[in-house]
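Hi everyone, thanks for coming. Let's take a friendly walk through one structure together, so please have a look at the screen.

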Amino acid sequence: MRHLLHDMNPSVKFIVVAVSMLALAFFFNPWTPLLFWIGLLIMQLIFSQMNWKLWALFMLPFSLGAFGYLWTTVVFSAVTGGTVIWSFAGIEVTDVQWNQALSLAFRVMAFSALSLAFALTTDPVRFIMSLMQQLKLSPKLAYGVMVGYQFLPVLKDEFVQIQQAHRLRGFVAEVQWWQRLLALRRLLIPMLAGAVRKAERAAFAMEARGFTGEARSVFYCPVPVGRIDFMMSAVFLALLVVSCLGGLWLSGK
């Protein structure tokens, strides 16, 4: 149960997440995104083994953005209709403004939680393989993205190695920020030169192994669509329907 969200086919999960976002975009009451956000958190608690500390760290900027939407909509909203529910420092807030502000804030929270649910439960390499097998993504583009993604940790390690090599050779650390910025060229130039050499070796290796960029019918690592995908898609759909109907009912429409 705690691995079902991780075991979903990435392409199916991507389609479900995209459909959920598009459906939520058509509901302007505050209750629908709030109910969906709460339901999504419960679903992640049941069906995933997510690193919640990392999730909270990633959610922090989105939460700040949601709060920014909330108070800017309340203070600077062009909507003036409705009944005044409270006032502060000469600013009158109507029920229409408050509902609109809550709707925007909860929508940010729901969209960001959906994005993190996909990102933190999906293996990037498996996602690329799934895009080729289920959504017929071009192998040239797919393998290019996959090779670039796998270069990221290598570039990070190489950056640290060049920094340590400079310290061993007696380079003095700069004090001013602009000096540190200019000193980056001593690190970036050899790092980019090494990246070009690695990319060239990767291209030669792919060509030597017969990579042509043409579509394939057989894959070494198949990513099938199975029973888990249908079950979890039904759970997502049920959550979306309940959230939409519950939001309409709570908003009195």
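At what angle do the axes of helix α2 and helix α5 cross? Keep in mind that this is a predicted model. Helix α2 covers residues 10-24 and helix α5 covers residues 95-120. Their axes come within 10 Å and cross at roughly 175°. An angle over 145 degrees counts as roughly antiparallel, so that is what we call α2 and α5.

Now for the residues where they meet. On the α2 side you can find Pro 10, Phe 14 and Met 21, among others. On the α5 side, the partners include Arg 107, Phe 111 and Leu 114. Sorted by type, the residues of this contact are 9 nonpolar, 2 polar and 2 charged.

Let's turn to the core. The largest nonpolar core has 46 residues. Which residues have the most contacts inside it? They are Phe 36, Trp 37, Leu 40, Leu 114 and Phe 236. Several helices give two or more residues to this core, including α2, α3 and α10, but α5 gives the most, with 9 residues.

Leaving out residues up to four places away in sequence, Phe 236 touches Leu 5, Met 8, Val 16, Ser 20, Leu 40, Met 43 and Leu 114.

One last stop: Thr 32, in helix α3, which spans residues 31-47. Is Thr 32 buried or exposed? Its relative accessibility is 0%, so Thr 32 counts as buried. Beyond its neighbours within four places in sequence, Thr 32 is in contact with Leu 24, Phe 27, Ser 243, Cys 244, Gly 247 and Leu 248.

Technical notes. Residues numbered from 1 in each chain as written. Predicted model: local features only at pLDDT ≥ 70, side-chain atom pairs only at ≥ 80, totals over all residues. Heavy atoms only, no water. Axes fitted to C-alpha atoms, helices over the stretch in contact; angles between N-to-C directions. Helix = DSSP H or I, 4+ residues; strand = E, 2+ residues; numbered from the N terminus. Parallel < 35°, antiparallel > 145°, perpendicular 65-115°, else oblique. Contact = heavy atoms within 4.5 Å. Nonpolar A, V, L, I, M, F, W, Y, C, P; charged D, E, K, R; others polar. Buried < 20%, exposed > 50% of the residue type's maximum accessible area, 1.4 Å probe, protein only. Core = buried A, V, L, I, M, F, W, Y, C linked by side-chain atoms within 4.5 Å.
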